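This briefing is meant for a reader who is meeting the structure for the first time.

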Amino acid sequence: MGKDAALRESIAALASRVLLLEDRVAILELINRWGPAVDTGSSEFAAGLWDDDGVLESDLSRLEGPAEVAAMVESEGQQALIRQGCAHVQSAPVVTVDGDRATAITYSQVYLHTENGHDVWRVSANQWECRRTVGGWRLTRRVNRVIDGSPAPHTILASAFDKPS
Amino acid sequence: MGKDAALRESIAALASRVLLLEDRVAILELINRWGPAVDTGSSEFAAGLWDDDGVLESDLSRLEGPAEVAAMVESEGQQALIRQGCAHVQSAPVVTVDGDRATAITYSQVYLHTENGHDVWRVSANQWECRRTVGGWRLTRRVNRVIDGSPAPHTILASAFDKPS
Amino acid sequence: MGKDAALRESIAALASRVLLLEDRVAILELINRWGPAVDTGSSEFAAGLWDDDGVLESDLSRLEGPAEVAAMVESEGQQALIRQGCAHVQSAPVVTVDGDRATAITYSQVYLHTENGHDVWRVSANQWECRRTVGGWRLTRRVNRVIDGSPAPHTILASAFDKPS
């Protein structure tokens, strides 16, 4: 291999590593825009985080596609939470990127405003699946299970160990 | 363009991307040192996170410049929180870097120790503005609004959508 | 210095910066796999996060080595928390990498499921020490001190200022 080819190869290898780091940032921020969207009632933005075939599944509901996500944000139930004062907060994720697909595991907390401060309404395990699209990373699936002693959230959390450590 | 010039250009482009990632880390850690500073009463360190013209604005107070930040940390109100046991925790931020300026959106939670564990005293939306100085990134403005159903925190959270997704 | 040598040096300098960013990601995810391990009772995975001489020290216990970590996860006390529904959540860390060693400071919250939502059982300051091994980064020490107005957690939090800002 010529000298220039070797240098070009070194640069390409570095560029792949930098892209992977950038992907991780993009996925963290994709996930971290969910809270601001649903806590402000920004249904269009909440919907825009999802790919066309995205599915949001929890013990509360199952939403298919951006239109159903938007409808949930505009629903009386969500609007009541917003009027009370709600905060959907994600922990920093454990992310696995595999080319144009990625998964991330987070804990989420939903805080609700009260007379004396804030209550913790729900603490859940979350598995997020994402796809790289021409417009950037988008959510394709989120499974949210409240941590209540049942096995469902354990399955999600245990997937944090599927990746090489 | 000669071969060397092309290689140098590739390296420079990569270096810009790496710097942007480094800036994101620096901004996350700048924000994440705020809690340790105010929860330990380290007024000098708390003040040192701010640029000279920095402003910290909340529904509780408006502080102008590092000296007023230090005075707040040393105030009887903050000292009482520290004696009780307080934790100012930030969520992982959504960061936008624009050259030598950056903004970040976080949720913050303040936990207070009680007889039975910890109460959640305040959950707030935060907009942080930062500037790159010769000494590193510094805070120039933070707006903190408790999430209580009022519109003020929504304006902050909605700014998480100003950046391209 | 010849042109090629200068280019190789530029590439090597960039590679060091990229490795440092990758190390930060690895350390964040090492720490963020602790919660999923202990909240699901995955004693083998919890133990596997630790180096052979790792020590986990808190006001509740002092565990020496992976086997004692595994035994704690399998203990009746931890199993009772898991049956109730527990979530060990870490804040995004302030990380200092020094070659093959690293330290990280986090706040941790432990949430417990109740009839009406979740209680915040413990909010603590954490100092994590890590080592790069042939199998990746591993924990060598964690000191966890509940934030209750006593000085011990302050010592941990103040170490977030040991690094250049």
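In this predicted model, the contact between chain C and chain A takes 34 residues from chain C and 28 residues from chain A. On the side of chain C that touches chain A, H1(C) gives the most, with 13 residues. The contact between chain C and chain B, in turn, takes 28 residues from chain C and 32 residues from chain B.

**The side of chain C that touches chain A**

- At least two residues each are supplied to this side by H1, helix H2 (34–40), helix H3 (43–48), helix H5 (76–84), strand E3 (86–90), E5 and E6 of chain C.
- Sorted by class, the side of chain C that touches chain A holds 15 nonpolar, 12 polar and seven charged residues.

**The side of chain C that touches chain B**

- Here the elements of chain C that give two or more residues are helix H1 (3–32), strand E5 (101–114), strand E6 (117–133) and helix H6 (152–158).
- H1(C) again gives the most, this time with nine residues on the side of chain C that touches chain B.
- The residues of chain C on this side, which touches chain B, divide into 17 nonpolar, five polar and six charged.

**How the copies are related**

**Chain A on its own**

- The secondary structure of chain A comes to six helices and seven strands, which follow one another along the sequence in the pattern α-α-α-β-β-α-α-β-β-β-β-β-α.
- Along its principal axes, the C-alpha trace of chain A spans about 70 × 35 × 30 Å.
- Chain A has 165 residues, of which 48% count as buried.
- Of the contacts in chain A with a separation of 6 or more, 51% are accounted for by residues 24 or more positions apart.

**The helix pair H1(A) and H1(C)**

- Helix H1 (residues 3–32) of chain A packs with H1(C) at an angle of about 20°, and the axes are 10 Å apart.
- Because angles under 35 degrees count as roughly parallel, H1(A) and H1(C) are roughly parallel to each other, and their crossing is left-handed.
- The residues of H1(A) that meet H1(C) include Leu7(A), Ile11(A), Leu14(A), Val18(A) and Leu21(A), while those in H1(C) include Asp4(C), Arg8(C), Ala15(C), Glu22(C) and Val25(C).
- By class, the residues of the contact of H1(A) with H1(C) divide into 12 nonpolar, one polar and six charged.

**Gly85(C), a loop residue**

- Gly85(C) lies in the loop between H5 and E3 of chain C, and with 19 C-beta neighbours inside 10 Å, Gly85(C) counts as partly exposed.
- Leaving aside neighbours within four places in sequence, Gly85(C) is in contact with Ile147(A), Asp148(A) and Gly149(A), and also with Leu112(C) and His113(C).
- Gly85(C) and Ala67(C) are 18 residues apart along the chain, and their C-alpha atoms are separated by 24 Å.

Key
Residues are numbered from 1 along each chain as its sequence is written. Chains are lettered from A and ligands numbered from 1 in the order in which they are written. This is a predicted model: local features need pLDDT of at least 70, side-chain atom pairs count only at pLDDT 80 or more; totals for chains, interfaces and linings use all residues. Two residues are in contact if their C-beta atoms, placed from the backbone, lie within 7 Å. Helices (H or I, at least four residues) and strands (E, at least two) are DSSP runs, numbered from the N terminus. Ala, Val, Leu, Ile, Met, Phe, Trp, Tyr, Cys and Pro count as nonpolar, Asp, Glu, Lys and Arg as charged, and the others, Gly among them, as polar. A residue is buried if 20 or more other C-beta atoms lie within 10 Å of its own, exposed if 12 or fewer, and partly exposed in between; C-beta atoms are placed from the backbone. Axes are lines fitted to C-alpha atoms, for helices over the stretch in contact, and angles run from 0 to 180 degrees between N-to-C directions. Angles under 35 degrees count as roughly parallel, over 145 as roughly antiparallel, 65 to 115 as roughly perpendicular and the rest as oblique. A crossing is left-handed if the near helix is turned anticlockwise from the far one by less than a right angle, and right-handed if clockwise.
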